[in-house]
Amino acid sequence: PSPVSRPPATSARRTPTGTAEVPQDALYRARELRARGDLAGARRAFARAGDGAGPTAEGAWLELARMELGCGDPRAAREALAEHDRRFGAASPLALEAAGLSLRAAREAGDRDAADRIAREIVRRWPDAAQATVARQWLAERGLGND
């Protein structure tokens with residue numbers, strides 16, 4: 001869907017103020033706030049959308065990480081990715097996307113050791129993915145191969 005298209009509502013949660021909030025609504029609001037340039041508000045809304053389980057929550061953490069990378073803040077992106085990993089783990093349906101974002105965040109943070117480790121994991125787990133091509137390039141540039 002487009003960044004501001006509203007998906008159909010499903011189960012509701014309570015916000016800190018006690019009002020019902022549907023996770024998809026929080027995600028929709030996060031996208032709107034991001035588009036308007038209210039990054040602090042978008043961060044809070046992405047975190048609310050990510051509070052819970054399921055594809056909306058999982059996607060919210062990855063969108064937050066992507067936003068943080070776009071803002072030039074790999075540290076904040078890594079925090080969002082760590083929260084994604086804590087909640088969903090390496091077996092999640094979006095694990096490959098999370099790994100690709102983790103590689104980018106580690107590289108942008110200058111954490112070469114983490115980038116090397118993540119790149120090797122991507123090549124090992126998803127050898128035919130586009131992210132594996134990027135990972136192989138990173139490893140080759142570092143003279144590490146992909147073993």
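Residues are numbered from 1 along each chain as its sequence is written, and side-chain values use heavy atoms, with hydrogens and water left out. Because the model is predicted, local features need pLDDT of at least 70 and side-chain atom pairs count only at pLDDT 80 or more, while totals for chains, interfaces and linings use all residues.

## The chain as a whole

The protein chain has seven helices and two strands. Here, helices (H or I, at least four residues) and strands (E, at least two) are DSSP runs, numbered from the N terminus. Along the sequence the pattern reads β-β-α-α-α-α-α-α-α.

Of the 147 residues in the protein chain, 40% are buried. Buried stands for under 20% relative accessible area, with a 1.4 Å probe and protein chains only. The protein chain exposes about 7,800 Å², and carbon and sulfur atoms supply 52% of that area; accessible areas come from the Shrake-Rupley method with a 1.4 Å probe. Among contacts between residues at least 6 apart in sequence, 47% join residues at least 24 apart. A contact means heavy atoms within 4.5 Å.

Helix α5 covers residues 95-109, and its 15 residues reach 20 Å from first C-alpha to last, close to the 21 Å expected at 1.5 Å a residue. That expected span is 1.5 Å times one less than the number of residues. The buried residues of α5 are Ala95, Ala98, Ala99, Leu101, Leu103, Ala105 and Ala106. They pack against α3 (55-70), α4 (74-88), α6 (112-125) and α7 (130-141). Just after α5, Gly110 takes a positive phi of about 80 degrees.

The largest pocket holds about 420 Å³ of space. Its lining counts 20 residues, and Asp85, Ala98, Ala99, Ser102 and Ile118 lie nearest the centre. The elements giving two or more residues to this lining are α4, α5 and α6, and α5 gives the most, with six residues. On a 1 Å grid over the protein atoms alone, a pocket is an open set of points where a 1.4 Å probe fits, with protein on both sides within 12 Å along at least five of seven lines; lining residues have an atom within 4 Å of a point. The volume is the space filled by probe spheres set on the points.

| Residue | Relative accessible area |
|---|---|
| Arg31 | 11% |
| Glu68 | 3% |
| Thr56 | 16% |

Arg31 is found in helix α1 (residues 23-36), and its side chain makes a polar contact of 2.5 Å with the side chain of Glu63. A polar contact is a pair of N or O atoms within 3.5 Å, one able to donate a hydrogen and the other to accept it; residues adjacent in sequence count only if both atoms are side-chain atoms.

Thr56, in helix α3, touches Pro23, Gln24, Leu27 and Ala49, leaving aside residues up to four places away in sequence. Thr56 and Gln24 are 32 residues apart along the chain, yet their C-alpha atoms are separated by 6.4 Å, and a polar contact of 3.5 Å joins their side chains.

Glu68 is also found in helix α3. With residues up to four places away in sequence not counted, Glu68 touches Arg43, Asp73, Ala76 and Ala77.

Conventions:
Buried < 20%, exposed > 50% of the residue type's maximum accessible area, 1.4 Å probe, protein only.
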